[in-house]
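Please look over the sequence and the model before reading on.

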Amino acid sequence: MEKNNGYKLKIDPEICQGTAYCVRVAPDLFRVNQGATVDVIEPNPAPEYEEQILEAATLCPTRAITY
Amino acid sequence: METIRDLIPPPHIEGIKHFVDFASVDEILRSKDFRQGSHQESQPFFGDSLLTIDHDVHFERRRLQAPLFRKEALEYYEHEELLPLIERALEECKEASNDTGEVRTDLCALVRTMLARISAVTTGIDGVDTQERTDAFRTYIEQLGTGATVEWSTEDHATVISRILEIREGFVEEFYAPSVERRKDLINQFRSGDLSEDDLPRDLLTLMYLHWNNNWDDELPLREATLYLVASSQTTTHAIPHLMIHLHEWFQEHPEDYEKRFNREFLKRAGHEAIRLHLPSPALLRIALRDVVLSSGVKILEGERVACLFTPANRDVKVFGEDARKFNPYRETQNVKPWGFAFGGGEHTCIGRTLVTGLSARTDNDDGTDGTLVNIAHALFNAGIELDPDDLPTYTELSHHDAYGRFPIILRNL
C-alpha cells in the first residue's frame, strides 16, 4: 500500500460509540475491537482511500474520526 | 427568576421505566438491543424519517444524507448563508425599531429568522428570500415543530395533530411542492445529459429524489424534510435564550469575565453548558428488541419501552462534578462530550450536530466552523444585547419542554 503522509487517521476513543458505520464503508481502515468500539487499522492510508476516509469521518454519528 | 428547572416527566412517559443516570442512558443508547421508541404520536410528521428508523435502514439513509454535512458543506452554510443572514436579521430589527431609536425584539423569533434560510438551504426549500416570505416560512417551521413534538404538548394531542396537518397543507402548496417540482425537473435534465451532477442543488430533497428507493412512500420526503426543517433550527432556537440568560447571570457574578463576551472559545464552552443543562429533547424512548440486563443489573424485557431522561442524566454529578446542576463555562469533562446527551447518542446522534457546535469542537480537530451557537451569541453581544428589565423572559406554557416562549431583549448597539 502506497503511504500518504497527508492523512493521520485517528479515532477518539472517548467519543466513539461503536456504531461501526466506518467499518461498513472502509473495512480496510477500521475494525471493531473487543471493547465494542473501533480501532484504526491503517493510520496512514494510501491516496486511493480518500473517498472512504471522508465518508467514514462524515458518516460517523459522533464524528469521532479525524484525518 | 429560576433559570435551571428540574424535568417534570410528561404524561406520555408515565408508567414506564425511567433511567436518569448517565451510565445507564449511555448504555441503552449505544446498545443494538434497542430500537427507537419515541415519536409514536408524531408519526404523521416524522414517520419513517431518519429519526425513527433503526440499524441497517438507518445506516443506508444516513449514508445517503451524510454528504450534506461534509466539512466543505458546513463551511459553505456558515460563511455563505448563516453569517450574512445573522447580519440581515439584525439589520431588519434596526429598521423596525421604535420612534425612540431603541431596538427591541423577541430573541426566540429573532433566532428562528436567522436560521430560517439555512434550514431551507439544507432541506431544499426555495423562495425563502424576502422578509415576508421568510416570516411565512418561519411560522410554518414553528407550527411543524409543534406537530413534530406533539407528545410534549400541554394541549389536546389529537387537536394539535389535526390542526398542524391542515397547516402543513399550506406549507406544501406555498413552499414544498414547487421546490420538489423544480428538483425533479433538474434531475430529469441531469438524467438526459443536459446538466452535470455538479449543477444539481446539494440538499436533502435533491438527494432523495436523485436516489429514490422504491420502498419509500410518496410522502416520505415531506416527513424527512419536516425533520430537517424542525431539527435544524430547534436546538439553536431552544439554546440561545438559555445561553443568554446564563451569561447575563454569570457576568453579574463574575464581572471580570464580561470582556470575554466576544471570545469565541469562551462562548463555545458556555454554549456547551447551555445545551447540556437545557436539552431540546429532554427524554427519548427506546424499545428492547430482546431481554436485556444492563450493567447495573436492571432487567428490561423484550418489547418493553423505557425512557431515557436526558435532563437528569446530563446533571449527573458522577460525570459532570458536584456542581453539575450549575452553569459553569469553565467546566472540564473527562471521557464524555461536554454537551452530554444534547444531541442524543448511539446511531441516532443528531446528524446536524456540527451545524450547531461547529467543526472546531474538540471532537473534530478542525478549525473550519464555529457553529450557530457561537456565531449568533457573538453577533448578539456585538449588537449590545440586554434583557428588558421591564419585561422579563417567560417559559412556554404550550409544552412540557424546558423552553422560553417569550424573551424580550434590547439591542443597544444597533
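How many helices and strands are there in chain B? The model is a predicted one, and in it chain B has 14 helices and eleven strands. Chain B has a radius of gyration of 21 Å, close to the 22 Å that the globule rule gives for 414 residues, so it is as compact as a globular protein of that length. The C-alpha trace of chain B spans about 60 × 60 × 45 Å along its principal axes. Buried residues make up 47% of the 414 residues of chain B. Among the contacts in chain B with a separation of 6 or more, 72% are between residues 24 or more positions apart.

**Helix 1 of chain B**

Helix 1 of chain B, residues 22–30, is mostly covered, with seven of its nine residues buried. The buried residues are Phe22(B), Ser24(B), Val25(B), Asp26(B), Glu27(B), Ile28(B) and Leu29(B). What do these buried residues pack against? Their partners in chain B are strand 1 (17–19), strand 2 (34–36), strand 4 (283–288), strand 7 (305–309), helix 11 (310–313) and helix 12 (317–320).

**Helix 4 and helix 5 of chain B**

Helix 4 (residues 71–95) and helix 5 (residues 107–123) of chain B have axes that come within 9 Å and cross at roughly 145°. The crossing of these two helices of chain B is right-handed. The table gives the residues that make the contact.

| Helix of chain B | Residues in the contact |
|---|---|
| Helix 4 | Tyr77(B), Glu81(B), Leu82(B), Leu85(B), Ile86(B), Ala89(B), Cys93(B) |
| Helix 5 | Leu110(B), Thr113(B), Met114(B), Arg117(B), Ile118(B), Val121(B), Thr122(B) |

By type, the residues of this contact between helix 4 and helix 5 of chain B are ten nonpolar, two polar and two charged. An α-helix has 3.6 residues a turn, so residues three or four places apart point the same way.

**Where chain A touches chain B**

Between the two chains, 17 residues of chain A are in contact with 17 residues of chain B. On the side of chain A that touches chain B, helix 1 (21–25) and helix 2 (50–59) of chain A each supply at least two residues. Which element of chain A gives the largest share of that side? Helix 2 of chain A does, with four residues. The residues of the side of chain A that touches chain B comprise six nonpolar, six polar and five charged.

How values were computed
Residues are numbered from 1 along each chain as its sequence is written. Chains are lettered from A and ligands numbered from 1 in the order in which they are written. This is a predicted model: local features need pLDDT of at least 70, side-chain atom pairs count only at pLDDT 80 or more; totals for chains, interfaces and linings use all residues. A residue is buried if 20 or more other C-beta atoms lie within 10 Å of its own, exposed if 12 or fewer, and partly exposed in between; C-beta atoms are placed from the backbone. Two residues are in contact if their C-beta atoms, placed from the backbone, lie within 7 Å. Axes are lines fitted to C-alpha atoms, for helices over the stretch in contact, and angles run from 0 to 180 degrees between N-to-C directions. A crossing is left-handed if the near helix is turned anticlockwise from the far one by less than a right angle, and right-handed if clockwise. Ala, Val, Leu, Ile, Met, Phe, Trp, Tyr, Cys and Pro count as nonpolar, Asp, Glu, Lys and Arg as charged, and the others, Gly among them, as polar. The radius of gyration is taken over C-alpha atoms; the globule rule is 2.2 Å times the number of residues to the power 0.38.
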